[in-house]
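Some labels given to parts of a protein model rest on cut-offs. Take a look at the model below before reading on.

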Amino acid sequence: DPHAPAQCVLAQVKNNLAPPQPSLAYCVQEQEKGPLVLSWLGPHPLTADQLLGGLHARSSDRPIHRARAFLRAFLAKGPRTTRDIWAAARERGFTRATLSRAKGRLEIRTEWTSRDRRPVSCWLLPDQKLPPDPTLPDLEPWLAPLREQFPSPTPLDDL
């Protein structure tokens with residue numbers, strides 16, 4: 001306990017199966033003969049993150065936070081290919097797993113398009129759209145009447 005050096009705190013770092021539990025204060029007492037004895041002092045106001053001085057805190061130095069900031073900035077001007085993103089991310093030392101987590105938290109989506117008649121994967125922020133590919137013809141005038149005539153099925157159609 002940073003406020004009482006003679007006291008210790010048992011604090012939860014992670015728990016997937018139950019709600020967060022309160023931190024508990026205790027002290028270790030010596031006896032003249034025999035083993036040490038723990039004396040429970042009751043609930044403690046500080047969490048594990050607060051007690052560890054930010055070791056597990058959500059600081060901006062964590063790779064996931066740096067990766068999120070990188071992706072926000074890198075995609076700010078528009079969608080980018082995964083090749084461009086990966087090259088820039090490797091220069092900054094990001095791993096595939098960190099980028100994947102950051103992508104999910106930012107709700108970045110992947111869309112495929114073509115460049116020079118080759119398929120290319122692009123990442124887009126939620127409010128972005130891919131620019132139309134100038135090498136492909138605009139099929140919307142032909143597809144719109146078909147969409148009206150043959151609407152997409154619903155999950156209830158087979159009941």
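This is a predicted model: local features need pLDDT of at least 70, side-chain atom pairs count only at pLDDT 80 or more; totals for chains, interfaces and linings use all residues.

Q: What makes cysteine 8 buried, exposed or partly exposed?
A: The label partly exposed covers values between the buried limit of under 20% and the exposed limit of over 50%. Cysteine 8 has 29%, and therefore counts as partly exposed.

Q: How do you know whether cysteine 8 and cysteine 27 form a bond?
A: A disulfide needs two cysteine sulfur atoms within 2.5 Å. The closest cysteine sulfur to that of cysteine 8 belongs to cysteine 27 and lies 8.1 Å away, so the two are too far apart for a bond. The structure holds 0 disulfides.

Q: Why are β4 and β5 said to stand at the edges?
A: The open sheet has 3 strands in the order β4-β6-β5, with antiparallel pairing. β4 (80–81) and β5 (109–115) each have a single partner strand, so one side of each has no neighbour in the sheet.

Q: What makes β5 and β6 a pair?
A: Strands pair if there are at least two bridges between them. β5 and β6 (residues 118–124) have 7 bridges, in the antiparallel sense, so they pair. Glutamate 111 has cysteine 122 in β6 as its bridge partner.

Q: Which residues have the most contacts inside the largest nonpolar core?
A: This core has 16 residues, and those with the most contacts inside it include Phe70, Leu71 and Trp123. The largest share, 5 residues, comes from α2.

Terms used:
Residues are numbered from 1 along each chain as its sequence is written. Side-chain values use heavy atoms; hydrogens and water are left out. A nonpolar core is a set of buried Ala, Val, Leu, Ile, Met, Phe, Trp, Tyr and Cys residues joined through side-chain atoms within 4.5 Å. Buried means under 20% relative accessible area, exposed over 50%, partly exposed in between (1.4 Å probe, protein chains only). Helices (H or I, at least four residues) and strands (E, at least two) are DSSP runs, numbered from the N terminus.
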